[in-house]
Amino acid sequence: YVFHLAAQPIVSLGYLDPYETFNTNIMGTVILHEMIRGYRDASNKDKKLSVINVTTDKVYKESDRAMKEDDELKGYDPYSLSKSFSDMITECYYNIFKDDNTFMSTARAGNVIGGGDMAPNRIIPDIVRAAMVDGTVGIRNPQSVRPYQHVFDALNAYLIIGALQKDNSEIQGPWNVGPDAEQTMTTRELADRMKEHMTFDWKHTGESIGHENDYLVLDNTKIKNIGWKPAYKD
């Protein structure tokens, strides 16, 4: 099993350093697939290999509706576009170097919250840091809608896809990994819910790191049809 999660994952850093973002997320994916191809060429063609490339929910061209797996890929900013390419690179390698014992899928998940990620410009880490000093967290766009989900839900989806496609080639392909539509919320609502458990304030800064999608929701019908569903509802 190969799970590719390595990336430059911060949208704001993508604007500050497009080259490093493209190099990491695009060429990193190419290098991974070249390693897999080399592994296959080294007399390992009889072994089953299940590959999951975790991209992002931001790979899609912007829309005001829930995105489906067959919608157009066209991320706007450097991070999102680099992940669109990463997603397509996996499909390209599968199509060109198709092997009966190699199974590949992409998992389009994003806005993952939970322990372990304290990177800047992440809403939950920013709130936690503010709460530690009874401070105030700045929010760029309180009305932006995002499919926030717990990290365990996302990881569970990756494991399910990886396990099932190894024994059923029809499972291969792109997969949206996100909460049910009614679980999506604005950044303002998320912050207000956090205030029920932590002491902090938030303010609308109006600051911009560059263009950001105001509405981002995933249609998770496909992955729910293979047995996955969000375990964390609130």
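This is a predicted model: local features need pLDDT of at least 70, side-chain atom pairs count only at pLDDT 80 or more; totals for chains, interfaces and linings use all residues.
Residues are numbered from 1 along each chain as its sequence is written, and side-chain values use heavy atoms, with hydrogens and water left out.

**View 1. The salt bridge between D71 and R65.** A salt bridge is a side-chain nitrogen of Lys or Arg within 4 Å of a carboxyl oxygen of Asp or Glu; the structure holds 13 of them. Here the N to O distance is 2.8 Å. D71 is buried, at 15% relative accessibility, whereas R65 is partly exposed, at 40%. (Buried means under 20% relative accessible area, exposed over 50%, and partly exposed in between, using a 1.4 Å probe and protein chains only.)

**View 2. The salt bridge between R193 and E189.** The closest N and O atoms of this pair lie 3.3 Å apart. Both residues belong to helix α6 (residues 187–194), and because they are four residues apart, about one helical turn separates them. Helices are DSSP runs of H or I with at least four residues, numbered from the N terminus. R193 has a relative accessible area of 35% and is partly exposed; E189 is partly exposed at 33%.

**View 3. The salt bridge between D201 and K195.** In this pair, 3.7 Å separates the closest N and O atoms. D201 is partly exposed, with 43% relative accessible area. K195 is partly exposed too, with a value of 36%.

How values were computed: Helices (H or I, at least four residues) and strands (E, at least two) are DSSP runs, numbered from the N terminus.
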